[in-house]
Number of protein chains: 2
Amino acid sequence: MKSKKMTFPLVVEPFQEDYSGHLSWSNLGNFTLRIASLHAEAHGFGISYMMSHRRGWVLSRLAIELQERPRSLQHYSIATWVSRIFRQFTERNFEFRDADGCIIGHGISTWALIDYETRQPVNLENLPNGGFQDAVLSEVPPIAPYSRIRVKEPSVSLHHHCGMTDLDINGHVNSIRYIDWVLDAFTLEWHKAHAVHRIEAAFGLEGYAGDEVDIIVEAVGENAYAAEIKRQSDGATLVKVMLYYH
Amino acid sequence: MKSKKMTFPLVVEPFQEDYSGHLSWSNLGNFTLRIASLHAEAHGFGISYMMSHRRGWVLSRLAIELQERPRSLQHYSIATWVSRIFRQFTERNFEFRDADGCIIGHGISTWALIDYETRQPVNLENLPNGGFQDAVLSEVPPIAPYSRIRVKEPSVSLHHHCGMTDLDINGHVNSIRYIDWVLDAFTLEWHKAHAVHRIEAAFGLEGYAGDEVDIIVEAVGENAYAAEIKRQSDGATLVKVMLYYH
């Protein structure tokens, strides 16, 4: 029986770690999105619904906060549920637990349902038969809301050529790749000296193969960096990212 | 009971595909290496052996040839066995099958066992108690041997800054990443018009975070490209790659 909050057990397999032996942010992010789609499918608003209605979920914002990422061969779990539906948006949350069942982190995300015909977001409050209202569980993770992300005077920057291997099955740059590029704007020495414990992303325009992008980064206070990923051809910002570290 | 040839069942999960809906070369390559290590561990010369003896396997060459990569949600399997041990090298082979058990491809690879004290390869024929001789199965895949890879007049090139997220748990650039960079030297239009069916890599020097590399590519005849990944600081070639397409 589907429940409003569903938990998915996972294990950190070899080749899923980063240099430090922890599950990479890239794999963590993609597994989080994968679990979102499994939950959506179980509740009747996943890929089957989207294909038959010619609509698709688009990730608008994501924040993941973790005390520590699990290590090689460690078991962990990701739970997810929908806490709110408001006009064109829905809020989906995540809870991360270690092998002992202790909470190690949380996530929040915001999604829109785009109609492929009109290219416009659908009003989620007016769907037939109440739409997805039955799935809503009004529980909210105990982490800070999304930050306002803005880069004024970048101090670090990196260039990237978007290639075929950056794309996902939709033909756009995979959402989590943007986060990798921001992490790569910092040296390995910086990563060894600091631990990133929260990553946020605000998704704007889609990136495509052939795009040349600049990743510009600015320190914000003592423990955070704001970043923007800008397309060189027209200076448009594709995605904004914020890293919190200690 | 461990057998000389071991078969591992797999399935293409969401987020493992490339833009075309096929298992990405990146995931295919990493799963192939993962299965190599599971087989090695089962036969007593995997990670446990390496950690207690302070030795490590280093991949020297790899070639994978596939008629078609499996698609989203399709089942497939990778089988592996060791066919030869000669001085400092061992040859490991792979066989890829689709959901019906039909062979869809093969792989060959060459490995050396490096002693961490001396930094030299160990002579695999002189190991105590015959070493890994019991695991050898003298069956060789029906694909062409390794190509000679050499770039003389590059026609395509790409630059890449090696970042933290390119590294694996050993702190070097992940072996399969080099292949991704060569694939990314071609436009999406090129990929849509052609199918790469064989990829080879000859691994030389390790790449590290902070390395700036050039990926230079030259057409070799009608259906192949040779590529070299060169470190900008000293012009050294880290890895050579060959792509065959139709």
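**A loop glutamine**

I started with A:Q16, which I found in the loop between β1 (6-11) and α1 (25-42) of chain A. A caveat before going on: this is a predicted model.

Is A:Q16 buried or exposed? I looked up its relative accessible area and got 14%, so A:Q16 is buried, the cut-off being under 20%. Next I listed what A:Q16 touches, skipping residues up to four places away in sequence. The list reads A:V11, A:H22, A:L23, A:S24, A:N27 and A:F31.

**A strand histidine**

Then I moved to A:H197 and placed it in strand β7 of chain A, residues 196-203. Which residues does A:H197 touch, leaving out those up to four places away in sequence? I noted A:W25, A:I64, A:E65 and A:L66, and also A:Y244, A:Y245 and A:H246. I also checked A:H197 against A:Q67: they sit 130 residues apart along the chain, yet 6.0 Å separates their C-alpha atoms.

**Chain A as a whole**

I counted elements next and got 4 helices and 10 strands for chain A. Read from the N terminus, the order is β-α-α-β-β-β-β-β-α-α-β-β-β-β.

For contacts in chain A with a separation of 6 or more, I wrote down that 70% come from residues 24 or more positions apart.

What radius of gyration does chain A have? I got 18 Å, and since a compact globule of 246 residues would come out near 18 Å, chain A agrees with that rule. Along the principal axes, I have the C-alpha trace of chain A spanning about 55 × 50 × 35 Å.

On burial, 53% of the 246 residues of chain A count as buried. The accessible surface of chain A I put at about 11300 Å², with 51% of that belonging to carbon and sulfur atoms.

I looked at charges too: chain A has 23 positive and 30 negative ones, and their mean positions lie 6 Å apart.

**Cysteines**

How many disulfides does the structure hold? My tally over all chains is 0. I still wanted the exposure of the cysteines at position 102 in both chains. A:C102 has a relative accessible area of 43%, so I logged A:C102 as partly exposed. B:C102 is at 42%, and therefore I logged B:C102 as partly exposed as well.

Methods:
Residues are numbered from 1 along each chain as its sequence is written. Chains are lettered from A and ligands numbered from 1 in the order in which they are written. This is a predicted model: local features need pLDDT of at least 70, side-chain atom pairs count only at pLDDT 80 or more; totals for chains, interfaces and linings use all residues. Side-chain values use heavy atoms; hydrogens and water are left out. A disulfide is a pair of cysteine sulfur atoms within 2.5 Å. Buried means under 20% relative accessible area, exposed over 50%, partly exposed in between (1.4 Å probe, protein chains only). Helices (H or I, at least four residues) and strands (E, at least two) are DSSP runs, numbered from the N terminus. The radius of gyration is taken over C-alpha atoms; the globule rule is 2.2 Å times the number of residues to the power 0.38. Contact means heavy atoms within 4.5 Å. Accessible areas come from the Shrake-Rupley method with a 1.4 Å probe; for residues, only the protein chains shown count as cover. Lys and Arg count as positive and Asp and Glu as negative; His and the chain ends are not counted. The place of a charge is taken as NZ of Lys, CZ of Arg, CG of Asp or CD of Glu.
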